[in-house]
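Here are a few friendly notes to read with the structure open beside you. Take them one at a time and find each spot as you go.

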Amino acid sequence: MSDYRIGYGYDVHRLVKGRKLILGGVEIEFEKGLDGHSDADVVLHAICEAMLGAAALGDIGEHFPPDNPKYKDADSRELLGQIHRKVKESGWSQIENIDVTIMAERPKLTRFKALMKEEIARLLEIDSSRVNIKATTTEGLGAVGRQEGIAAAAVCLLKNDD
């Protein structure tokens, strides 16, 4: 008998000068980057949150506290790898799918979505057909609309075949 769980994740970070913009594990040429304790990859952070939620393992801040100097400028690809291992160790054998929505006015992300999809699939050791990336604007509304930051939301479906 199979058991399924779905999790939801969300993350948002402020755009600042002097930082690289990294989304979905892909460096994107842009005049600003996201500010955070780690590399501030909102896409990978939202996926981490969704996976943790589906497995009932808390949230990303519990696993990687922002006040811990060990995680200063951490590569979110490595954080996702650690979360992936913890989810598997807790008994969830398969990621059925990941669906991500990125909210940003700029930069336009259309040409980067396939790269993000492939990188996320590689990091999670799943077929890229199990990963979907969408990008949208907020039509000029809110902090994202004022180009103050970028946000991402993700859902993850896990399967256990015990």
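1. Start with Asp-73, which is partly exposed because its relative accessible area is 48%. Please keep in mind as you look that this is a predicted model. Asp-73 sits in the loop between H2 and helix H3 (76–89). Its phi is near 60°, a positive value in a residue other than glycine. Most residues other than glycine have a negative phi, hence the mention here.

2. Next, look at Ala-56, in the loop that runs between helix H1 (42–54) and helix H2 (60–63). Here too phi is positive in a residue other than glycine, near 55°. Is Ala-56 buried or exposed? Ala-56 has a relative accessible area of 60%, and exposed means over 50%, so Ala-56 counts as exposed.

3. Now move to the loop between strand S5 (94–103) and helix H4 (113–124), where you will find Pro-107. The peptide bond leading from Arg-106 to Pro-107 is cis, and its omega is near -5°. For background, most peptide bonds are trans.

4. Finally, see how H1 and H4 are arranged. Their axes come within 12 Å and cross at roughly 45°, which makes H1 oblique to H4. The crossing of these two helices is right-handed.

5. Which residues meet where H1 and H4 are in contact? From H1 come Val-43, Leu-44, Ile-47 and Met-51, and they meet Ile-120, Leu-123 and Leu-124 of H4. Sorted by class, this contact of H1 with H4 has seven nonpolar residues, with no polar and no charged ones.

Terms used. Residues numbered from 1 in each chain as written. Predicted model: local features only at pLDDT ≥ 70, side-chain atom pairs only at ≥ 80, totals over all residues. Heavy atoms only, no water. Helix = DSSP H or I, 4+ residues; strand = E, 2+ residues; numbered from the N terminus. Buried < 20%, exposed > 50% of the residue type's maximum accessible area, 1.4 Å probe, protein only. Axes fitted to C-alpha atoms, helices over the stretch in contact; angles between N-to-C directions. Parallel < 35°, antiparallel > 145°, perpendicular 65-115°, else oblique. Left-handed = near helix turned anticlockwise from the far one by under 90°. Contact = heavy atoms within 4.5 Å. Nonpolar A, V, L, I, M, F, W, Y, C, P; charged D, E, K, R; others polar.
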